[in-house]
Amino acid sequence: MGTRKLVMFGSTGLLLAGILLAPSWQAQGELVRGHELYKTHCASCHGEDGKGVQGVKAATLNNEGFLKVASDDYLLKSIRLGRPSLATNAMPHFDASKLPDEKVNLIIKNMRSWHPEISAPVETGEKVAGDPVKGEAFYKAACAACHGQKGEGGIGAALLDPGYLNAASDEFILHSITAGRPGTNMPPYPDSPDIRNVVAFLRSKQVPYDPAAKKEAEKGESKDKAAADGEKSKN
């Protein structure tokens, strides 16, 4: 084989290798970017490895039980809506101007990489039927010790937080209860009418929530107050 043919053969081999490896390189690059974005926007509360930060009340994201039931849509909505009800360490919302969908998706890919054996769940849109009155009674008996009498959170998450309820589907809430959270105080509960009643109770407390509109309303209130204070000082 002549030198020219050897060069052509070698070049072709390198080209084919590059084509075959390109998806792998791209995926690796996305994970690196996702990890950097996660460190910038999430790690201070959730921990660089997703296992939390001592003294900071925030969800443990690197939990097999959580990742098995949390769809990508739930994670994106949670980032968009935040968790406004927490008195301390409230999670801010990240709108698309701060964090475009492309970057959010990279953060989610980073989270998925913690347990690559767990596939993102695909939700069916199932609505859970139940009796919210009975659900409230069962919630107070079985859930309030950890999640608060008014769903404000405690050892466990704030379940009546408007960001949570507008991000979480019925399926997510139901499967979170039936799967529990391994390694935490949250045990799994068998699916039952009582559990479905709890889901109905939580859903009955959902109110529309738009963090951007809320922020604008708060700005307007601040301006009105400043104007009123100005008028008082003149008098």
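These questions and answers look at helices and salt bridges in a predicted model.

Residues are numbered from 1 along each chain as its sequence is written. Local features need pLDDT of at least 70, side-chain atom pairs count only at pLDDT 80 or more, totals for chains, interfaces and linings use all residues, and side-chain values use heavy atoms, with hydrogens and water left out.

Student: What span does helix 10 reach from its first C-alpha to its last?

Tutor: Helices are DSSP runs of H or I, at least four residues, numbered from the N terminus. Helix 10 covers residues 193–204, which is twelve residues. The expected span is 1.5 Å times one less than the number of residues. That expectation is 16 Å, and the helix comes close to it, reaching 16 Å.

Student: Which helices do the buried residues of helix 10 pack against?

Tutor: Buried means under 20% relative accessible area, exposed over 50%, partly exposed in between (1.4 Å probe, protein chains only). The buried residues of helix 10 include Ile195, Val199 and Phe201. Contact means heavy atoms within 4.5 Å. The partners are helix 6 (132–142), helix 8 (162–167) and helix 9 (170–179).

Student: How many salt bridges does a search of the whole structure find?

Tutor: A salt bridge is a side-chain nitrogen of Lys or Arg within 4 Å of a carboxyl oxygen of Asp or Glu. The search of the whole structure finds ten.

Student: Asp170 forms a salt bridge with Arg203; how many residues apart in sequence are the parts tied together?

Tutor: The closest N and O atoms of Asp170 and Arg203 are 2.8 Å apart. Asp170 lies in helix 9 and Arg203 in helix 10, so the pair ties together parts that are 33 residues apart in sequence.

Student: Is Asp170 buried or exposed?

Tutor: Asp170 has a relative accessible area of 7%. So Asp170 counts as buried.

Student: Which residues do salt bridges that share partners join into one network?

Tutor: Asp191 forms a salt bridge with Arg196, with the closest N and O atoms 2.9 Å apart. Shared partners make one network of Glu126, Asp191 and Arg196.

Student: Is helix 4 parallel or oblique to helix 5?

Tutor: Axes are lines fitted to C-alpha atoms, for helices over the stretch in contact, and angles run from 0 to 180 degrees between N-to-C directions. Helix 4 (residues 72–81) and helix 5 pack at about 120°, with axes 10 Å apart. Angles under 35 degrees are roughly parallel, over 145 roughly antiparallel, 65 to 115 roughly perpendicular and the rest oblique. So helix 4 is oblique to helix 5.

Terms used: Helix = DSSP H or I, 4+ residues; strand = E, 2+ residues; numbered from the N terminus.
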